[in-house]
Amino acid sequence: MTSINFCLPDNLTPEQFLAEYWQKKPLLIKQGLPQLKDMFEPDDILGLSLDEAATSRLITQNNTNNGDQWQLQQSPLSEEMFDNLPEQWTVLVQNLEQWSPELGQLWNAFNFIPQWQRDDIMVSYAPKGGSVGKHYDEYDVFLAQGFGHRRWQLGKFCNESTEFIENQPIRIFDDMGEIIFDEILEPGDVLYVPPKLSHYGVAQDDCLTFSFGFRRPNLMQVLDSLVDAATGEPSLFVPMLLDQPLQTAGKLDRDSITQIKDQLLELLKSEQGDELITQAVSEVISKRQYELLVPEDAIDEEDLQQALEQGAVIRTDYSSRLIYTELNDEITIFANGQSLDDINDSEASLLKRLADAESLTLEDLTQANIATETVLSWLENSWVWLDF
């Protein structure tokens, strides 16, 4: 795949986008992802939604005397579910990069945002009039039109007090407040929507919209992972030493709680604390959200060597999570929720390059003295894919 330009208007730098728009206000990016044009057709997505390994949803909207009634059916979907559908319906398929490495490479258009914040690529198919209602997301999303046309309306920012319509299987509401954006996106167009901003998309014809989502871990995830990381530190199991003020026998004194809290904060601020937090956060953000899809046809060493000799390159497989940290001048690679402690420095150096969206040639592998067998294990773990 040729180099991919940043998904930004020509007159806007990444620095300006992050300072003025990121998590603040929406942005229309005309022809931000022209590569999406004709990459998929509706039948591709409808067929994929029926695969037993796909994470998909079928949402239908029925107009009744009491207002719209929505229904939700989750994977595995069957052909029978598509019989006698109402006029308005939508199919959603998650984690599309797992099914299409070529699509996954379009993440590189967003390399001005750290890749550890990437969630997944979801695709939405809808016939004319199809929608998933007025809603908001808790994460940043770039809505990219791949086929057909969709009208998008944006309204107010929502919060915890936003009232959803009762007795519906999806979180939707009626009141979007003042409409601040109302346009129809064409194939290749991209709309950035910050967290909690209400939005409403309606298909104008047979329509595929790809959602590139960005999400950060929550504090509970980090705390839970921190506890797991700390269980391997014997020094943390030694009872604390506390000054003992005179107090009644049954009372837990505020001074004792303060001393315990202070020692905990001292740990978190120490070098040991840095290492534990780095490990905990790295494990959280590198975990896969979906089960690994095992390829049906595995390549062998001979075929891999031949492909590399003929010019194939190794690229990151974005259905996995490959990240790295640099602490005390030491590089640690994390993949799918685990640190790779059994790799050598040469392997770590090349995996770091892959995490930074570089590709590797046979010459790169030879210079680093990386055996074909090692690269094969990377492929089998879905850390990388072979781009012919």
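**Exercise 1. Thr60 and its surroundings**

Find where Thr60 lies in this predicted model, say whether Thr60 is buried or exposed, and list which residues Thr60 touches.

*Solution.* 
- Step 1: Start with the element. Thr60 belongs to strand 2, which covers residues 56–64.
- Step 2: Check the cover. The relative accessible area of Thr60 is 5%, and the cut-off for buried is under 20%, so Thr60 is buried.
- Step 3: Look for contacts, skipping residues up to four places away in sequence. That leaves Gln69, Trp70 and Gln71, along with Leu85, Pro86, Gln88 and Trp89.

**Exercise 2. An aromatic pair**

Work out what kind of pair the rings of Phe17 and Tyr192 make, and where in the chain the two residues sit.

*Solution.* 
- Step 1: Get the overall count. There are 23 aromatic pairs in the structure.
- Step 2: Take the geometry of this one. The ring centres of Phe17 and Tyr192 are 5.2 Å apart, and the planes stand at 75°. Planes over 60 degrees apart count as edge-to-face, so that's what we call this pair.
- Step 3: Phe17 is in helix 1 (residues 14–20) and Tyr192 is in strand 9 (residues 190–193).
- Step 4: Phe17 is buried at a relative accessible area of 0%, and Tyr192 is buried with a value of 0%.

**Exercise 3. A second pair, and the cluster**

Classify the ring pair of Phe110 and Phe112, then find which residues form the aromatic cluster.

*Solution.* 
- Step 1: For Phe110 and Phe112, the centres are 6.4 Å apart and the planes meet at 50°. That angle falls between the stacked cut-off (under 30 degrees) and the edge-to-face cut-off (over 60), so the pair is tilted.
- Step 2: Look at the cover. Phe110 has 0% relative accessibility and counts as buried. Phe112 is buried too, at 9%.
- Step 3: One aromatic cluster takes in Phe17, Tyr192, Phe110 and Phe112, plus Phe6, Tyr21, Trp22, Trp107, Phe142, Phe212 and Phe214.
- Step 4: Another example is Lys134, which lies over the face of Tyr200 at 5.5 Å from the ring centre.

**Exercise 4. Salt bridges**

Find how many salt bridges there are, and look at what Lys156, Lys352 and Arg353 pair with.

*Solution.* 
- Step 1: Recall the idea. Side chains of opposite charge can pair when their charged atoms come close.
- Step 2: Count. The total is 10 salt bridges.
- Step 3: Take Lys156. Its side chain meets that of Asp175, at 3.3 Å from N to O. Lys156 is in strand 7 (residues 150–157), while Asp175 is in the loop between strand 7 and strand 8 (181–185). The two are 19 residues apart, and the pair links distant parts of the chain. Lys156 is partly exposed at 32% relative accessibility, and Asp175 is partly exposed at 48%.
- Step 4: Take Lys352. The partner is Asp356, with the closest N and O atoms 3.9 Å apart. The cut-off is within 4 Å, so this one makes the list. Asp356 is partly exposed at 40%.
- Step 5: Take Arg353. The salt bridge is with Glu358, at 3.0 Å from N to O. Glu358 is partly exposed at 35%, and Arg353 is partly exposed at 24%. Shared partners join Arg353, Glu358 and Asp364 into one network.

**Exercise 5. Phe164 in its loop**

Locate Phe164 and find which residues Phe164 touches.

*Solution.* 
- Step 1: Phe164 is in the loop between strand 7 and strand 8.
- Step 2: At a relative accessible area of 28%, Phe164 is partly exposed.
- Step 3: Leaving out residues up to four places away in sequence, Phe164 touches Tyr136, Arg171, Ile172 and Phe173.
- Step 4: Compare with Asp175, the salt-bridge partner of Lys156. The C-alpha atoms of Phe164 and Asp175 are separated by 9.3 Å, and the residues are 11 apart along the chain.

**Exercise 6. A surface patch**

Which residues make the nonpolar surface patch of about 370 Å²?

*Solution.* 
- Step 1: The patch is made by Leu219, Met220 and Leu223.
- Step 2: Leu219 sits in helix 4, residues 219–230.
- Step 3: Leu219 has a relative accessible area of 68%. Exposed means over 50%, so Leu219 is exposed.

Terms used
Residues are numbered from 1 along each chain as its sequence is written. This is a predicted model: local features need pLDDT of at least 70, side-chain atom pairs count only at pLDDT 80 or more; totals for chains, interfaces and linings use all residues. Side-chain values use heavy atoms; hydrogens and water are left out. Patches are made of residues with over 30% relative accessible area and no salt bridge: like charges are joined within 9 Å, nonpolar side chains (Val, Leu, Ile, Met, Phe, Trp, Tyr) within 5 Å. Accessible areas come from the Shrake-Rupley method with a 1.4 Å probe; for residues, only the protein chains shown count as cover. Helices (H or I, at least four residues) and strands (E, at least two) are DSSP runs, numbered from the N terminus. Buried means under 20% relative accessible area, exposed over 50%, partly exposed in between (1.4 Å probe, protein chains only). Rings of Phe, Tyr and Trp (its six-membered ring) pair if their centres lie within 6.5 Å; planes under 30 degrees apart count as stacked, over 60 as edge-to-face and the rest as tilted. A charge sits over a ring if NZ of Lys or CZ of Arg is within 6 Å of the ring centre and within 35 degrees of the ring normal. Contact means heavy atoms within 4.5 Å.
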